[in-house]
Amino acid sequence: MQATQVITELERKIQQTCEMVKNKTCPPRSLHQIPYDIAEKLFNLKLDKRLDYFEELQEFMSDDLYWTVLRALWIDDGICNERWENLLFAERKRHHKLMKSSDRQALKKLPKEMIVYRACDKKEDAKNCNWTLDPNVAVRFHKKMIATKKIKKTDIYAYFNSRREQEVILKKEALDGNTWKNL
C-alpha cells in the first residue's frame, strides 16, 4: 500500500472515530487506538520507506506521538543526516518525549562536563549530531578516525541507551571544535 493511500485511510479513520466520539456512539478511548495503527503500518514498511511515511503522517500526530514514534524509528535505524536532523530538531513541544523516562533519568545523572566520541571516515562526519559517551562504541564502528569533543550536559539534546551505546544527540550549536585521533 502506498503512503498516500495509508494517509487517506488514516484520515478517514480519524474523522470517523472523532465523529463517533462526538455522537457518543463510541468511547473516547478509541482515539488512542490510532497511534497503534500508525505504528503497525510504519514498522511493516521496509526501512527505506519508513521515514517517507512518517514525514507524510507527522501533521496528523500529537506532539507526544510524534516524539514517541520518532524515537522508535531512530532506535531501529537512526543514521544521522540532514533529513533526520530536521525531524529530530522539529519545532514541536515536549521534545523530552523523544527519550524514555529511564534515558531522561540517566541524562540527569551525567556530569556537568564530559567527553563525547564519534567514529568518522572524514572530518565532515563530525558535523553529524549523534555521538557516544563510550569510546569503545566509537572504536567498534571501525572508521578511519575518532573525533572527540568536550561538552557540557546542556549541549545534549537527547540521550539514548536502548542499543547500549550511550548515544547523545548534540544541539546544533555544540557541533564545532573537535580533537582527532587516527585509528
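Modeller: First a term: helices (H or I, at least four residues) and strands (E, at least two) are DSSP runs, numbered from the N terminus. This is a predicted model, in which local features need pLDDT of at least 70 and side-chain atom pairs count only at pLDDT 80 or more, while totals for chains, interfaces and linings use all residues. Residues are numbered from 1 along each chain as its sequence is written, and side-chain values use heavy atoms, with hydrogens and water left out.

Colleague: Which elements supply at least two residues each to the lining of the largest pocket?
Modeller: Those are strand 1 (113–120), strand 2 (130–132) and helix 7 (135–140), and strand 1 gives the most, with four residues.

Colleague: And which residues are closest to the centre of that pocket?
Modeller: Of the 20 lining residues, Gly78, Arg118, Asn130, Phe141 and Glu167 are the closest to the centre.

Colleague: Switching topic, why does the span of helix 4 agree with what it should be?
Modeller: At 1.5 Å a residue (times one less than the number of residues), the 15 residues of helix 4 (residues 63–77) should span 21 Å, and the end C-alpha atoms are 21 Å apart, so the two agree.

Colleague: Where is confidence lowest and where highest?
Modeller: In pLDDT, the predictor's confidence in each residue from 0 to 100, helix 1 (residues 3–22) is lowest at a mean of 63, and strand 4 (residues 156–160) is highest at 96. The mean for the chain is 81, with 76% of its residues at 70 or more.

Definitions and conventions. 1 Å grid on protein atoms, 1.4 Å probe; cavity = no way out; pocket = protein on both sides within 12 Å on 5 of 7 lines; lining within 4 Å.
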